[in-house]
Amino acid sequence: MIEVSHIEKRFGDNVVLRDVSVTLAEGTVTALVGPSGGGKSTLLRCINLLEIPTAGTIRIGDKSLQLQPGKKVGWDAIQPLRRQTGMVFQNFQLFPHQTVIQNVMEGLVTVLKWPREKAHAHALSLLEKVGMAHKADAWPATLSGGQQQRVAIARALAPAPRVLLCDEPTSALDPELAEEVVEVLSRLAREGTTMIMATHDLRLASRVADQVLFLDGGVIVEQGAPNAIFQAPERERTKKFIASLNAGHSYDI
Ligand SMILES: Nc1ncnc2c1ncn2[C@@H]1O[C@H](COP(=O)(O)OP(=O)(O)O)[C@@H](O)[C@H]1O
Ligand SMILES: [Mg+2]
């Protein structure tokens, strides 16, 4: 179980997340949708403590951390939770001076102290899973965006995180390259990977998500099954947002 309870995040006077609570059952996929600036990235970054929430509790499996205004949080408190997470970014963020397989092995060898051979074998099996084993020795710059993102997904999965956090994983990609990433994420979802994913891609969200959260102004305005949120939203703000996205896309959801 992954549980975010009563999270508040402020940057100075700006309250970016207000009393956000979400529960993710293991093996489910949650999509975060909503307008730019609504707080999607900040929520993901609060879950892995790249941003420290001002208040609230983050619980991932049997690890939890309670935050309070003015209470400093040290690395000892951050690390056990962050290790339960893997993160996939919009712009891939592969290490440019490492080959594909080195990118995937890096965390296993340097952080988890795995022997290189074991890390190599595990990295290769993950590259197979995302259809990138044939590029194991290639440099990131020689790959398409879709291929780089598939490698980034393998890297994020390497330490077997309890939850995969994806921040707009297809937003930087042309449609056909986005499709190959959607394929990989759909397969992971079917295999029971727990994911929380910020996305503007309603097709991706409706294909992989069990629940959708509509986040606007730092508040969860509405949440429910993809069909309910995308085809019969209840709140006015959700309706407007879904209509604006559909206006820009020709596919059916
Ligand atoms: N490091 C930061 N410092 C100050 N404000 C920030 C920071 N990160 C995000 N914000 C603000 O938080 C709000 C939510 O941003 P973000 O989480 O990136 O939204 P989204 O991902 O939904 O577009 C925005 O108003 C943004 O300007
Ligand atoms: Mg964002």
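Which backbone N or O atom lies 2.7 Å from an oxygen atom of ligand 1? That atom belongs to G37. The model is predicted, and local features need pLDDT of at least 70, side-chain atom pairs count only at pLDDT 80 or more, and totals for chains, interfaces and linings use all residues. Residues are numbered from 1 along each chain as its sequence is written, chains are lettered from A and ligands numbered from 1 in the order in which they are written, and side-chain values use heavy atoms, with hydrogens and water left out.

Two further polar contacts (pairs of N or O atoms within 3.5 Å) involve ligand 1. A polar backbone atom of G38 is 3.2 Å from an oxygen atom of the ligand, and an N or O atom in the side chain of K40 is 2.8 Å from an oxygen atom of the ligand. Taken alone, ligand 1 exposes 560 Å², an accessible area from the Shrake-Rupley method with a 1.4 Å probe. The protein buries 59% of that.

The shell around ligand 1 consists of F11, V16, P35, S36, G37, G38, G39, K40, S41, T42 and E51, each with a heavy atom within 4 Å of the ligand. Three of these residues are nonpolar, six polar and two charged, with Gly counted as polar. Helix α1 (residues 40-47), a DSSP run of H or I with at least four residues, gives the largest share of the shell, three residues.

The chain itself is divided into domain 1 (1-84 + 163-253) and domain 2 (85-160), with bounds from an automatic or database domain assignment. Their C-alpha centres lie 23 Å apart. Between them, 28 residues of domain 1 are in contact with 20 residues of domain 2, contact meaning heavy atoms within 4.5 Å. The area buried between the two domains is about 1900 Å², and carbon and sulfur atoms give 64% of it; buried area is the accessible area (1.4 Å probe) that two parts lose on being put together, summed over both.

Key. A polar contact is a pair of N or O atoms within 3.5 Å; within protein, one must be able to donate a hydrogen and the other to accept it, and residues adjacent in sequence count only if both atoms are side-chain atoms. Helices (H or I, at least four residues) and strands (E, at least two) are DSSP runs, numbered from the N terminus.
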